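Here is a short briefing to read alongside the model. Take a look at the structure first, then walk through the points below.

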Amino acid sequence: MSGSTTDFVNHGLLLWQQGRLQWTRSGESTSNQTRQTCGPRLSWNATYESLLGSRNPFPRPVPLAEMVDFLVDVWEQEGLYD
């Protein structure tokens with residue numbers, strides 16, 4: 001063995017961090033005011049089955065916060081989330 005050592009580089013982690021950074025920054029260009037004027041993307045009467053029961057993509061992107069709120073509401077109604 002030679003005297004030099006190489007540091008371990010987790011390339012998968014670096015790729016994941018780069019993708020996450022791009023994903024989280026993509027929403028920064030839209031101001032909160034613009035988001036509020038657009039209103040919610042999910043219908044008030046949407047059900048878990050109607051949204052996630054098929055492999056069809058959503059007609060337009062749904063903000064992560066809105067999807068999390070929807071899922072928490074569904075899970076609370078079904079007694080799966082405390």
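Leu51 is found in helix α3 of this predicted model. With a relative accessible area of 15%, Leu51 falls under the 20% cut-off and is therefore buried.

**Around Leu51**
- Setting aside neighbours within four places in sequence, Leu51 is in contact with Leu42, Ala46, Phe58 and Phe70.
- One of these partners, Phe70, is listed among the buried residues of α4.

**Helix α4**
- The buried residues of α4 are Glu66, Met67, Phe70, Leu71, Val72 and Val74, and they pack against α3 (48–52).
- The 14 residues of α4 should span 20 Å at 1.5 Å a residue, and the end C-alpha atoms are 20 Å apart, so the two values agree.
- After α4 comes Gly79, which has a positive phi, near 75°.

**A closer look at Glu66**
- Glu66 lies in helix α4 (residues 64–77).
- Its relative accessibility is 17%, so Glu66 counts as buried too.
- Beyond its neighbours within four places in sequence, Glu66 is in contact with Pro40, Arg41 and Leu42.

- The protein chain has a mean pLDDT of 78, with 79% of its residues at 70 or more.

Terms used. Residues are numbered from 1 along each chain as its sequence is written. This is a predicted model: local features need pLDDT of at least 70, side-chain atom pairs count only at pLDDT 80 or more; totals for chains, interfaces and linings use all residues. Side-chain values use heavy atoms; hydrogens and water are left out. pLDDT is the predictor's confidence in each residue, from 0 to 100. Helices (H or I, at least four residues) and strands (E, at least two) are DSSP runs, numbered from the N terminus. Buried means under 20% relative accessible area, exposed over 50%, partly exposed in between (1.4 Å probe, protein chains only). Contact means heavy atoms within 4.5 Å. The expected span of a helix is 1.5 Å times one less than its number of residues.
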